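Please look at the model below and follow the chain from its start. The text after it takes a few elements in turn.

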Amino acid sequence: MPPSVAFLGLGAIGRPMAMRVAAAGLPLAVWNRTSSRARDFAAVTKARHASTPADAARDADVVITCLPTSPDVVSLLDGDHGLLRGMRRGTTLVDCTSGDPSTAQRIAGRLAEQGIDYIDAPVSGGVGGAEKGALTIMVGGDAAVLERVRPVLETFGQKIVHCGGVGTGSALKAVNNALLAVHIWSAGEGLALLAKAGVSARVALDVINASSGRSNSSMNLFPERVLTRAFPRTFRLALLDKDIGIAADVAREERIPAPLLQFTASLFRVAHGALGEEADHVETVKLIEQWAGVEIR
Ligand code: NDP
């Protein structure tokens with residue numbers, strides 16, 4: 001029997017991930033806070049539209065959550081309609097939220113009291129990667145539990161890596177995204193000053209991308225999203241702000257001096273405040289442009 005799955009959180013990345021689960025033919029129930037999104041999803045797939053988290057989980061071997069933050073996941077656990085009412089002993093919660101390690105550990109502890117396994121399994125690769133089933137998945141938790149749910153993860157993930165105990169997937173994801181934030185900000189500053197100095201962004205990127213300063217930001221994000229002025233909304237700045245904040249918190253908890261991460265976290269907090277909840281992460285460049293009085297094109 002193929003494992004049955006419940007998917008909770010059909011947002012920008014959750015929806016295409018759940019689509020991959022549905023396309024693989026696994027029995028699937030979907031729940032979303034705004035229920036019309038789950039209803040629309042069920043209308044175009046064979047998935048069952050669940051009315052509550054408990055209802056989604058009732059037949060599921062594997063429950064997947066993909067929400068903005070770990071506290072959002074905690075908020076679904078309790079009460080008559082909560083996940084803990086629906087999940088059975090021996091089943092697994094796979095949390096694909098880019099969460100924080102300490103809350104992940106607390107969730108794992110609560111589930112263990114009821115005989116339910118937990119892994120944190122944040123993803124990378126963006127909406128395009130999710131649509132293609134090509135996400136990287138960083139897993140924290142028991143390796144044997146990962147092996148049990150691997151066939152489900154393989155419906156949307158390509159590179160699936162066991163990182164260590166519960167919380168390690170979240171820690172690694174936070175650091176990865178902290179690097180993304182550093183790269184976006186530093187490339188933005190560099191291209192802004194070059195524009196002022198008379199070097200066009202196209203020429204600058206042509207050289208940088210054949211040199212040692214290149215990054216995913218310079219190779220993909222700036223050419224596709226900034227120079228075109230397209231700025232598609234695929235990953236909210238609010239979520240990147242959250243991620244670098246998690247990395248900065250972990251550094252503080254571990255008593256590691258990490259001045260660059262702490263400073264970049266402050267910059268992204270400012271950008272988030274200035275650009276709002278719906279802005280895409282790459283729109284941060286608009287703030288850098290505003291400060292420099294120049295447009296990167
Ligand atoms: P979105 O903001 O697009 O969607 C968030 C989803 O969570 C929606 O389904 C929303 O429901 C639901 N939600 C929000 N708050 C709550 C809550 N308190 N209780 C229940 N449901 C809630 O986020 P993404 O899909 O972009 O991101 C989801 C996670 O994946 C985040 O942790 C993000 O950092 C991570 N991620 C995102 C990537 C991307 O490219 N977008 C890439 C890699 C990781 P509703 O429809 O009601 O608003």
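A crossover is right-handed if, with the strands pointing away from the viewer, the path from the first strand over the helix to the second runs clockwise. Helices (H or I, at least four residues) and strands (E, at least two) are DSSP runs, numbered from the N terminus. The model is predicted: local features need pLDDT of at least 70 and side-chain atom pairs pLDDT 80 or more, while totals for chains, interfaces and linings use all residues. Residues are numbered from 1 along each chain as its sequence is written, and side-chain values use heavy atoms, with hydrogens and water left out.

A right-handed β-α-β unit is made by strand 1, helix 1 (residues 14-23) and strand 2. Strands 1 and 2 (the latter residues 28-31) run parallel and are joined by four bridges; pairing requires that DSSP finds at least two bridges. Valine 5 has leucine 28 of strand 2 as its bridge partner. Strand 1 also pairs with strand 4 in the parallel sense, over four bridges, and there leucine 8 stands opposite threonine 65.

In a regular strand the side chains alternate between the two faces of the sheet. From strand 1, Val5 and Phe7 point one way and Ala6 and Leu8 the other, and all are buried (under 20% relative accessible area; exposed is over 50%, partly exposed in between; 1.4 Å probe, protein chains only).

Helix 8 (residues 143-153) has Val145, Leu146, Val149, Val152 and Leu153 as its buried residues. Seen down the helix axis, these fall within an arc of 90° (taken from the directions from the axis to the C-beta atoms), so they line one face of helix 8. The strands they pack against include strand 1 (5-8) and strand 4 (62-65), contact meaning heavy atoms within 4.5 Å.
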